[in-house]
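Please open the model in the viewer and follow the selections below in order.

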Amino acid sequence: MKVRIRHQRREVQVEGVRTVGELLDRLQLNPETVLVVRGTELLTRDARVADEDEIEIRPVVSGG
Amino acid sequence: MRCAKCKGTAQVEVRRHHTAFCGPHFLEWFEAQVDRAVRRERMFAPQDRVLVAVSGGKDSLVLWDVLLRLGYRASGLHLNLGIGAYSQESQEKCEAFARDRGAELLVVDIPAEYGVGVEGLAQLAGRVACSACGLSKRYLFNRVALDRGFSVVATAHNLDDEAAVLLGNLIAGNVEALVRQAPVLESTHPGLVKKVKPLYRIAERETAAYAVLRGIDYVLDECPNSAGARSLLLKEALNVLERDAPGTKQNLYWNFLEKIRPLLRETSQSPALRSCAHCGQPTTGDVCAFCRMTERVAHKLRLRAAASSRAPEPVAVGALPETPAGGGDGGLWPSGGDSWGRPANPDTDRG
């Protein structure tokens with residue numbers, strides 16, 4: 001699947017993960033710090049994902 | 001994962017409450033949480049005029065959106081900080097938000113008012129950028145609210161912000177700032193407007209989810225000056241704890257408010273406030289920190305203009321002798337500050 005990681009300004013191709021939790025593990029992202037979006041839908045950790053999906057990962061942490 | 005209300009597919013998990021919601025029920029839950037905070041802490045009433053400090057980021061636009069939906073009389077105040085394209089985009093997001101909802105937006109353009117943006121103020125006044133920015137915000141939010149007849153200023157500090165500031169102040173042992181850390185700061189001077197934080201019960205991840213589900217268009221980029229900020233390091237540490245022990249941030253902050261802060265308040269005294277000799281705003285000294293900063297900057301700008309009119313080479317601002325104008329800028333764990341961004345020493349730095 002194509003994964004756009006907004007805060008790192010990069011796009012990666014990830015194959016072979018079945019859930020959002022597995023995807024975040026693969027990308028070494030803390031689930032507390034991001035939202036996972038597919039189209040207009042937010043996905044919880046157990047949501048199923050497929051190789052043909054286009055996923056956006058949005059940061060939630062701000063401030064300085 | 002299923003929605004706790006309707007058993008439909010959940011879109012947002014709220015792990016600290018062991019629950020999850022579909023989109024519509026999450027929005028309903030979120031707005032109820034904010035309304036509960038406003039009522040429980042007696043932040044303001046429906047007839048009050050509320051000035052919402054809006055940066056163009058997710059938290060402040062979400063706060064403004066929720067208050068309008070709940071029927072409160074909420075206007076926005078945006079400060080254009082003069083930080084290049086970042087500030088331009090931030091103002092555009094606020095203007096578009098207000099236009100779409102028919103809401104009132106007030107804008108203060110700092111470069112237009114003071115000759116330079118917050119980075120220039122910082123450089124000319126011998127401060128770091130975040131210090132000059134925080135001082136300007138505290139001063140201008142209060143002054144605009146007073147001048148325009150607002151009864152309260154609402155800022156979008158959320159649970160993560162509060163927990164991070166609390167952790168920082170605990171590490172620094174900053175008792176004075178700990179006493180001031182609360183979701184409501186009542187007015188203690190005729191020139192000081194009440195300040196409230198209606199999102200103090202809401203995690204940052206939840207405000208981001210609300211923004212996405214409501215289709216709120218916010219600035220995703222961070223302020224370019226925030227890279228490496230201490231608050232981000234503290235948030236990162238707390239999020240590691242939260243991942244493995246959900247509820248850590250909430251327990252840290254709420255236990256502090258309920259059990260520790262009351263004890264600290266018993267032994268502390270509020271500093272006496274008087275009116276600034278130059279602008280009339282509350283201060284602990286003769287002249288407030290904001291007037292001292294802007295007058296120093298104006299003086300240096302005049303020197304620079306005079307020098308450039310006399311000689312072909314302009315004065316190099318960075319080469320002028322600088323004296324740090326307040327505490328809190330010195331290191332990773334400086335003297336601390338409160339979650340309104342105020343530094344630890346009100347005698348030298350209170351706006």
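Select A:Pro31, A:Glu32, B:Glu13, B:Arg15 and B:Arg205: of the 27 residues that line the largest cavity, these lie nearest its centre. A cavity here is a set of points, on a 1 Å grid over the protein atoms alone, where a 1.4 Å probe fits but cannot get out, and lining residues have an atom within 4 Å of a point. The space in this cavity is about 310 Å³, a volume being the space filled by probe spheres set on the points, which are joined across faces, edges and corners. The model is predicted: local features need pLDDT of at least 70, side-chain atom pairs pLDDT 80 or more, while totals for chains, interfaces and linings use all residues. Side-chain values use heavy atoms, without hydrogens and water; residues are numbered from 1 along each chain as written, and chains are lettered from A and ligands numbered from 1 in the order written.

Next, display A:Glu32 with B:Arg15. They form a salt bridge, with 2.9 Å between the closest N and O atoms (a side-chain nitrogen of Lys or Arg within 4 Å of a carboxyl oxygen of Asp or Glu). Three salt bridges are counted between chain B and chain A.

Then select the whole contact (heavy atoms within 4.5 Å), to which chain B gives 28 residues and chain A 22 residues. For chain B, highlight B:Gln11, B:Arg205 and B:Leu220, which supply 28% of the area that this chain buries against chain A, more than any other three residues (accessible area, 1.4 Å probe, that two parts lose on being put together, summed over both).

Note on methods:
On a 1 Å grid over the protein atoms alone, a cavity is a set of points where a 1.4 Å probe fits but cannot get out, and a pocket is an open set with protein on both sides within 12 Å along at least five of seven lines; lining residues have an atom within 4 Å of a point.
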